[in-house]
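Visitor: I have a few minutes for this one. Can you walk me through some of the helices?

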Amino acid sequence: MKNIPTDLLRTFVSIADLGGFTPAGELLGRSQPAISLQIKRLESLVAKPLLRLVTSSVELTAAGDILLAYARQILALNDSALAQLSDSPVSGKIRFGIPSEFASSLMPKILGSFSKAYPNISLEITCALSRQLLADNQRRRYDLILALHDDPHDTLNELILVDELVWVGGKTAIVTSHTTLPLVLAPEGCIYRKRGLERLRQIDRKWQIGYTNPDLSGIQTAIEQGLGITVLAKSTIPSSLHALAVGSDLPELGHIGVSLLEPDSAGNPAVDRLSEFVRNSLQGN
């Protein structure tokens, strides 16, 4: 059986995240020729090309897409094992701001796994709308912020994920062709709400907000009771709900960006560990 060295996987993931050999080399402290040799060795081990050059950037091949998800999981397990066995475990307290839309879906599982891997790091979690977390008078209250952005291109190097927005319903069928579309949404300021209403206005679709709740679990319950449909990021749809097909009555919603920000860039080992753990978990989800 062949074994893939984790240093090759870390280089491969860095190239995929940063979009090129040069920035990956700068991050890992290696020259571009050294990075190229690592990728050649990795491609030799898997017997498939993983990257292709497109103009001035690098893209993943189909095999590269498959390996990337595995690579993130392997690196996360590797780093967690080392953290557990370390004689000098990382410790500290992290104030982490999370958008309300993610607080009831992906993040509890991710943060639960992180706490098991790093028991000496305590987490103080605050859930709020991204607009509130990023406000000038609020963002310095956090060591790390997971935020949603209406335009993925606005997040620059802090972007970790691009997610598709979809219409979501429950087992109780809502006839979307009815004259007035019943909606279950978060309050004003929510990116999902803003995008959904904008797109409905563009097609002159009549709608009515029958239920408003800032928490995803509350929205989920309302939809399960047949009060309407909502807008969610595809990766956060609860198992009891499902995405609805777009058409003449339900317009496409486009995508949003998800970024991970450290308001204080001074460098904190505990924050760095959480940042890497969340990044790998979300991108490998």
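This is a predicted model: local features need pLDDT of at least 70, side-chain atom pairs count only at pLDDT 80 or more; totals for chains, interfaces and linings use all residues.

Visitor: Start with H1. How many residues does helix H1 have, and how far does it reach?

Guide: Helix H1 covers residues 6-18, so to speak 13 residues. From first C-alpha to last it reaches 18 Å, close to the 18 Å expected at 1.5 Å a residue.

Visitor: Which residues of H1 are buried?

Guide: Leu8, Leu9, Thr11, Phe12, Val13, Ser14 and Ile15.

Visitor: And what covers the buried residues of H1?

Guide: The cover includes H2, H3 and helix H4 (62-85), along with strands E1 (51-54) and E2 (57-60).

Visitor: What follows H1?

Guide: Gly19, with a positive phi near 85°.

Visitor: Now H2 and H3. Are they roughly parallel or roughly perpendicular?

Guide: The axes of H2 (residues 21-28) and H3 (residues 32-46) cross at roughly 105° and come within 9 Å. That angle lies in the 65 to 115 range, so H2 and H3 are roughly perpendicular to each other.

Visitor: Which residues make the contact?

Guide: H2 supplies Phe21, Thr22, Ala24, Gly25 and Leu28. From H3 come Gln32, Ile35, Ser36 and Ile39.

Visitor: How do they divide by type, nonpolar, polar and charged?

Guide: Five are nonpolar, four are polar, and none is charged.

Visitor: Switching topic: Ser130. Where is Ser130 found?

Guide: In helix H7, residues 130-133.

Visitor: Buried or exposed?

Guide: Buried, because Ser130 has 6% relative accessibility and the cut-off is under 20%.

Visitor: What is Ser130 in contact with, neighbours within four places in sequence aside?

Guide: Pro99, Ala147 and Leu148.

How values were computed: Residues are numbered from 1 along each chain as its sequence is written. Side-chain values use heavy atoms; hydrogens and water are left out. Axes are lines fitted to C-alpha atoms, for helices over the stretch in contact, and angles run from 0 to 180 degrees between N-to-C directions. Helices (H or I, at least four residues) and strands (E, at least two) are DSSP runs, numbered from the N terminus. Angles under 35 degrees count as roughly parallel, over 145 as roughly antiparallel, 65 to 115 as roughly perpendicular and the rest as oblique. Contact means heavy atoms within 4.5 Å. Ala, Val, Leu, Ile, Met, Phe, Trp, Tyr, Cys and Pro count as nonpolar, Asp, Glu, Lys and Arg as charged, and the others, Gly among them, as polar. The expected span of a helix is 1.5 Å times one less than its number of residues. Buried means under 20% relative accessible area, exposed over 50%, partly exposed in between (1.4 Å probe, protein chains only).
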